[in-house]
Amino acid sequence: MPIIKILPHSEYCPEGKEIEAPAGTSICEALLDHDVEIEHACEMSCACTTCHVVVREGYESLNEPDESEEDLLDRAWGLEPQSRLSCQAILAQKDVTIDIPKYSINHAKEKH
């Protein structure tokens, strides 16, 4: 099973973490299954950007992003060439390293 290495994030994973998940699982599902409570405001339906991650290693092993994911990523804060929506990034057999951006556009989280 591939390993997801999560780089430290002050809110979701302060110490960083390594988790195993079966190939065919989305990064978002794997994180949630291992108690890394990444935001996913649209319930993983590819309708928002709150689950945005940057894949620091292993990007090429993931499935190709489709047009709707790419369109949504254009709205994400902190977009980088290796950015993916974690709900759409499906694991293959290789390990990946991800970085969860510090900020998102989830206005509900702002507690206004």
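Visitor: What should I know before reading the numbers?
Guide: Because this is a predicted model, local features need pLDDT of at least 70 and side-chain atom pairs count only at pLDDT 80 or more, while totals for chains, interfaces and linings use all residues. Residues are numbered from 1 along each chain as its sequence is written, and side-chain values use heavy atoms, with hydrogens and water left out.

Visitor: How many disulfides are there?
Guide: The count is zero, where a disulfide is a pair of cysteine sulfur atoms within 2.5 Å.

Visitor: Is Cys46 buried or exposed?
Guide: Cys46 counts as buried because its relative accessibility is 14%; buried means under 20% relative accessible area, exposed over 50% and partly exposed in between, with a 1.4 Å probe and protein chains only. Cys48 is buried too, at 16%.

Visitor: Switching topic, which residues touch the most other members of the largest nonpolar core?
Guide: They are Ile4, Ile6, Leu31, Ile38, Ile98 and Ile100, out of 27 residues; such a core is a set of buried Ala, Val, Leu, Ile, Met, Phe, Trp, Tyr and Cys residues joined through side-chain atoms within 4.5 Å. The largest share, five residues, comes from α1, and helices here are DSSP runs of H or I with at least four residues, strands being E runs of at least two, numbered from the N terminus.

Visitor: And how does β3 pair?
Guide: β3 pairs in the antiparallel sense with β4 (residues 83-85) over three bridges, and with β5 in the antiparallel sense over three bridges; strands pair if DSSP finds at least two bridges between them. Val53 stands opposite Arg84 in β4, and Glu57 stands opposite Thr97 in β5.

Visitor: What about Thr50, buried or exposed?
Guide: Thr50, in the loop between α1 and β3, counts as buried because its relative accessibility is 8%. Its side chain reaches the backbone nitrogen of Ala41 at 2.9 Å.

Visitor: Which side chain does Ser68 join?
Guide: Ser68, which lies in helix α2 (residues 67-73), has a polar contact of 2.9 Å with the side chain of Asp66. A polar contact is a pair of N or O atoms within 3.5 Å; within protein, one must be able to donate a hydrogen and the other to accept it, and residues adjacent in sequence count only if both atoms are side-chain atoms. Ser68 counts as partly exposed, at 38% relative accessibility.
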